[in-house]
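Let's take a friendly walk through a protein chain. Have the sequence and the 3D view at hand, and look for each part as it comes up.

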Amino acid sequence: MAGFTPLTGGCLCGAVRFEVRVPADDVYHCHCSICRKLQGALMPTYVVVPRAAFIVTQGADNVTRYDSSERIHRFFCSTCGARVYEHSTEQPDDIWYAAGSLDDGADPRTEDANFRHIFWESRNGWYEPKDTLPKIIAFGDD
Ligand SMILES: [Zn+2]
Ligand SMILES: [Zn+2]
C-alpha cells in the first residue's frame, strides 16, 4: 500500500520478529473460550491482514505451532511462549496477528476499519467491556 510505513512487532523475548506491510480493515477482541485459555487473558485482540503482507523477519525456526482444532493453527515463540499469529484453513489467504505484539503500541487499523467484539455470547461473565464497539456473535453476523 502506497505511503504506508510497515509496522514491526515480535514476541516478548525478541527471538521472533515480524513486519506487517498493510493496515488492517478488520480488528477484533475475541471472547471465545479457546482464546481465553490460550492467551490467559479475558480477550485477546487480533488484527487480520492478507497472509502475503505479514512477514516473519526473524526467528521463523523458533516458532511452535499448536492446532487448537483441525482448522485453526496458532503460532508461538518457542522461547518465551508469546503468541504471535494464527491461521485458519477457512481463511487461507489471511493471517491474524496479536495486536499487542506490535512495537510501541502501534495502531494497525485503516481509518474505517471494523473494530469489534466477537463471540460476545461466550464472554467471561465477571467483566464486561463498556465500550461502544459492535458486539457480534460470530463471523458473518454483522
Ligand atoms: Zn520470544
Ligand atoms: Zn477466539
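The report below goes from the whole chain to its sheet, its core and a few single residues.

## The chain as a whole

Keep in mind from the start that this is a predicted model. The chain holds one helix and ten strands. Read from the N terminus, these elements follow the order β-β-β-α-β-β-β-β-β-β-β. The radius of gyration is 15 Å, close to the 14 Å that the globule rule gives for 142 residues, so the chain is as compact as a globular protein of that length.

Along its principal axes, the C-alpha trace spans about 40 × 35 × 30 Å. Of the 142 residues, 27% count as buried. Now think of contacts between residues with a separation of 6 or more: residues 24 or more positions apart account for 55% of these.

## The open sheet

In what order do the seven strands of the open sheet stand? The order is β6-β7-β8-β9-β4-β3-β10, and the pairing is mixed. At the edges you find β6 (63-67) and β10, each with a single partner strand, so one side of each is left without a neighbour in the sheet. On average, neighbouring strands of this sheet are turned by 25° against each other, direction ignored.

Strands of a sheet pair through backbone hydrogen bonds, and they can do so in a parallel or an antiparallel way. With β10, β3 pairs in the parallel sense over six bridges, and V27 stands opposite F115 in β10. With β4, β3 pairs in the antiparallel sense over four bridges; there, D26 has V48 in β4 as its bridge partner. Elsewhere in the sheet, β8 and β9 pair in the antiparallel sense over two bridges, and E86 stands opposite W96 in β9.

## The nonpolar core

The largest nonpolar core has 27 residues, and those that touch the most other members are C30, Y46, V47, F54, V84, Y85 and Y97. At least two residues of this core come from each of β2 (17-20), β3 (24-30), β4 (45-50), β7 (72-77), β8 (83-88) and β9 (94-98). The largest share, four residues, is supplied by β3.

Why is β3 described as largely enclosed by the rest of the structure? Five of the seven residues of β3 are buried.

Start with V56, which lies in strand β5 (residues 54-58). V56 counts as partly exposed because 18 C-beta neighbours lie inside 10 Å, and a residue needs 20 or more to be buried. Leaving aside neighbours within four places in sequence, V56 is in contact with V16 and F18. The C-alpha atoms of V56 and D67 are separated by 19 Å, and these two residues are eleven apart along the chain.

Next, look for D141 in the segment after β10 (109-118). Is D141 buried or exposed? D141 is exposed, because 12 other C-beta atoms lie within 10 Å, and the limit for an exposed residue is 12 or fewer. Between the C-alpha atoms of D141 and R51, 90 residues apart along the chain, the separation is 23 Å.

Key:
Residues numbered from 1 in each chain as written. Chains lettered and ligands numbered in written order. Predicted model: local features only at pLDDT ≥ 70, side-chain atom pairs only at ≥ 80, totals over all residues. Core = buried A, V, L, I, M, F, W, Y, C linked by C-beta atoms within 7 Å. Pairing = 2+ DSSP bridges. Axes fitted to C-alpha atoms, helices over the stretch in contact; angles between N-to-C directions. Contact = placed C-beta atoms within 7 Å. Rg over C-alpha atoms; globule rule 2.2 N^0.38 Å.
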